[in-house]
Amino acid sequence: MAEENRRQLLQIASQPGNDTCADCGAKDPQWASLTLGLFVCLDCAGIHRVLSLRVKSIKLDNWDQEQVDVMRTLGNEKAKETYETCIPPFYRRPTQDDVHVLKKEWILAKYEREEFISKEQQNYDCTKKEGILFKLGRDRKTFQPRKFCLNRTNNKLEYYVNEQLKPKEEINLDDVNAVFVPEKIGHPNSMQITFLKNGSTRSLFVHSETSKDIVDWYYAIRAAKLDRRKIAFPDRNIEQLAEDLTKDFLLEGWLYKMGPRNEPFKRRWFILDKRKLMYFEEPLNAFPKGEVFIGNRESDYSVTKGATEGKGGSPNCFTLNTPERKFVMKAESKEEMDKWVDQLQKVVEMPLTPQDSKMATLLVAKKPFNPIRR
Ligand SMILES: [Zn+2]
């Protein structure tokens, strides 16, 4: 009997819809959220369990006929019809590789708060959002509570050091990017907010007390940006406008960089933020030491393995060639080098968008060029 139940259950689990996690899309989910009657991956099952929903392993637990019938009657497709009827366009459907807070809040919004069942459940269209975020201070070590305010009327994100004073920083929302960085900050509810300041990328590192709060800020930024785009491009469809409201970094990590006049390699923290390659002395620095715009292959940008001529001896080296300068970098392993070269090559192959070209003109070179003679 038990074997027959399992056979039936596995058959149900292999059906289209049930063969990917109901919440993050991971393939071949091995768990079931019995209360809701859906199939989920191990990670998402953990979150369902926190919600006090009954979770069972498909392969390790015993199933009775009644439970198997629940899974047959419900299932992922039906759950989608119920719980995902009106997902706001600025929302981001998490994938397997996304940070935990994003998955957790997605699951809570979906099943506990039932936010996507009807528009009445939603409360995103506030013109002003205010609250406390803990911001990394100048010492780059301690986080201080700061009042943040997102104001759609003037399209600004501001933060205050003191209630009475004017904002310490007023950031144009059009230029803001937000990325979850739990590992870098060492706090699960944390975010790196970047924007351009005097031709250079400024980073604010913040965290909040609850996962809901940080995710709310993230979506408030995305919602405000989408609103502006709707006004600026009334003829474009919403899916198009909702693309790239925020962009995760393509790659981050330590590399060694050769100085512009072939000085010895220095260890730097690199971030590849779409067409922008930034390098920092430390991962939590407010400004990069330098940043390079990466154009398209047709305008003489390329990535090659190895160093510049005559310097090819060092292993795991690669070179970013720009019309002005060659940047020689070295990774700690061949795998790391391959990862960077692959990603950089993809960027070089990407067509340039008008926003890319705008960004190129806004970025100001920090030091006068010291081009390597070719
Ligand atoms: Zn999942």
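What spacing do the donors of the zinc ion follow along the chain? They follow C-x2-C-x16-C-x2-C. The model described here is predicted.

## The zinc site

Four cysteines coordinate the zinc ion through their SG atoms: Cys21, Cys24, Cys41 and Cys44. The distance is 2.3 Å. The four donor atoms subtend angles of 105 to 116° around the ion, so the arrangement is tetrahedral.

Where do Cys21 and Cys41 lie? Cys21 is in the loop between helix H1 (2-13) and strand S1 (31-33). Cys41 is in the loop between strand S2 (38-40) and helix H2 (42-50). The pair therefore ties together parts that are 20 residues apart in sequence. Cys21 is buried, with a relative accessible area of 4%. Cys41 is buried too, with a relative accessible area of 10%.

## Aromatic pairs

The count comes to 15 aromatic pairs. One of them joins Tyr218 and Tyr219. Their ring centres are 5.5 Å apart and their planes stand at 65°, so this pair is edge-to-face. Both Tyr218 and Tyr219 are buried. Ring pairs also link these two tyrosines with Phe90, Tyr91, Trp106, Phe116 and Phe180 into a cluster.

Phe270 and Trp340 make another pair. Here the ring centres are 6.2 Å apart and the planes are at 75°, so the pair is edge-to-face. This pair links distant parts of the chain, 70 residues apart. Phe270 belongs to strand S12 (residues 266-273), and Trp340 belongs to helix H9 (residues 334-349). Both Phe270 and Trp340 are buried.

## Charges over rings

Which ring does the charged end of Lys56 sit over? It sits over the ring of Trp63, 5.1 Å from the ring's centre. The charged end of Lys330 sits over the ring of Phe265, 4.9 Å from its centre.

## The seven-stranded sheet

An open sheet holds seven strands with antiparallel pairing. The order is S14-S13-S12-S11-S17-S16-S15. Strand S14 (290-293) and strand S15 (302-305) are the edge strands, and each pairs on one side only. From one strand to the next, the twist averages 35°.

Within this sheet, strand S16 (residues 317-321) and strand S17 (residues 326-330) pair in the antiparallel sense over five bridges. Cys317 stands opposite Lys330 in S17. Lys330 is also the residue whose charged end sits over Phe265.

Note on methods. Residues numbered from 1 in each chain as written. Predicted model: local features only at pLDDT ≥ 70, side-chain atom pairs only at ≥ 80, totals over all residues. Heavy atoms only, no water. Donors = N, O, S within 2.8 Å, 3.2 Å for Na, K, Ca; no water. Tetrahedral: all angles 85-135°; square planar, octahedral: opposite > 155°, others 65-115°. Helix = DSSP H or I, 4+ residues; strand = E, 2+ residues; numbered from the N terminus. Buried < 20%, exposed > 50% of the residue type's maximum accessible area, 1.4 Å probe, protein only. Phe/Tyr/Trp six-rings, centres within 6.5 Å; stacked < 30°, edge-to-face > 60°. Lys NZ or Arg CZ within 6 Å of the ring centre and 35° of its normal. Pairing = 2+ DSSP bridges. Axes fitted to C-alpha atoms, helices over the stretch in contact; angles between N-to-C directions.
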